[in-house]
Amino acid sequence: MEVVRHRHAIESRGTQVAFVHMSAPEEADRWFARYGADDVVRISDPGRALYRQFGLEEASLRQLAPWRVWWPWLRTAVLKRRGFGPQGSAWKQLTGAFVVHRGCILAAVRHRNAAERPDYVALVRDAQLENTIR
Amino acid sequence: MGGHRGHDRLMPPLPAPLQELQEQGPVLLIFLRHFG
């Protein structure tokens, strides 16, 4: 998980890291423990209410076309026998990242393509700059 | 970095653990699509 590699750099800037996911808490616990991040705050949102509230939509077919989008899902769903079933259309869900503090969103990135890999450190840096300017 | 970037101001209500965390300091909140 890319962000775990950058977690120290992010937290050294005074920003904590938290996750929202669509899986059951038990599955998330195993996954975060595998990456040595079992202490991180995480929210299970299988109904995707938070995704919608933060303006994260489902991808269109065009957005799903690149192999980098569907291959990770296919690998997880088929080869590891996970990913089908209760999540329904969750595989089409677009993701994003937000820097939030005291009721405000300081920075936001909403992915237009599910294969995008954001620069989380840059996002945090931008949020700090924005907060300084205000 | 790709995607649509922006600076919103209104934050939706958060579940209690996240609410408490973001009161203590800035939080990078990452929405995941799948594990794997």
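Student: Okay, A:R7 first: buried or exposed?
Tutor: A:R7 counts as buried because its relative accessibility is 16%. The cut-offs, with a 1.4 Å probe and protein chains only, are under 20% relative accessible area for buried, over 50% for exposed, and partly exposed in between.

Student: Before we go on, what am I looking at?
Tutor: This is a predicted model, so local features need pLDDT of at least 70 and side-chain atom pairs count only at pLDDT 80 or more, while totals for chains, interfaces and linings use all residues. Residues are numbered from 1 along each chain as written, chains are lettered from A and ligands numbered from 1 in the order written, and side-chain values use heavy atoms, without hydrogens or water.

Student: Back to A:R7, then. What does A:D39 form with it?
Tutor: A salt bridge, with the closest N and O atoms 3.1 Å apart. The rule asks for a side-chain nitrogen of Lys or Arg within 4 Å of a carboxyl oxygen of Asp or Glu. A:R7 sits in helix α2 (residues 7-11) of chain A and A:D39 in the loop between α3 (25-34) and β2 (41-44), 32 residues apart, so the pair links distant parts of the chain. Helices (H or I, at least four residues) and strands (E, at least two) are DSSP runs, numbered from the N terminus.

Student: And how does A:D39 count, buried or exposed?
Tutor: A:D39 counts as exposed because its relative accessibility is 53%.

Student: Which residues make up the network with that pair?
Tutor: Salt bridges link A:R7, A:E11 and A:D39 into a network.

Student: Why would side chains like these pair at all?
Tutor: Opposite charges on side chains can pair when the charged atoms come close.

Student: How many salt bridges over all chains?
Tutor: Four. One of them joins the side chains of A:D29 and A:R42, at 3.0 Å from N to O. A:D29 is in helix α3 and A:R42 in strand β2 of chain A, 13 residues apart. A:D29 counts as partly exposed because it has 39% relative accessibility.

Student: What about A:R48 and A:E58?
Tutor: A:R48 and A:E58 form a salt bridge too, with the closest N and O atoms at 3.0 Å. Both are in loops of chain A: A:R48 between β2 and α4, A:E58 between α4 and α5, ten residues apart. A:R48 is buried because its accessibility is 11%, whereas A:E58, at 36%, counts as partly exposed.

Student: Where's A:S60?
Tutor: In the loop between α4 (49-53) and α5 (61-64) of chain A. At 32% relative accessibility, A:S60 is partly exposed. Its C-alpha is 27 Å from that of A:A28, which is 32 residues away along the chain.

Student: Switching to the overall layout. How many helices and strands in chain A?
Tutor: Seven helices and four strands, in the order α-α-β-α-β-α-α-α-β-β-α along the sequence. Of its 134 residues, 45% count as buried.

Student: And chain B?
Tutor: Chain B has one helix and two strands, in the pattern β-α-β. Buried residues account for 50% of its 36 residues.

Student: How many residues does each chain put into the contact?
Tutor: 63 residues from chain A and 32 from chain B, where contact means heavy atoms within 4.5 Å. Between them the chains bury about 4,400 Å², with 61% of that on carbon and sulfur atoms. Buried area is the accessible area (1.4 Å probe) that two parts lose on being put together, summed over both.

Student: Which three residues supply more of chain B's share than any other three?
Tutor: B:F31, B:R33 and B:F35, with 22% of the area that chain B buries against chain A.

Student: How many salt bridges across that interface?
Tutor: Zero by the rule.
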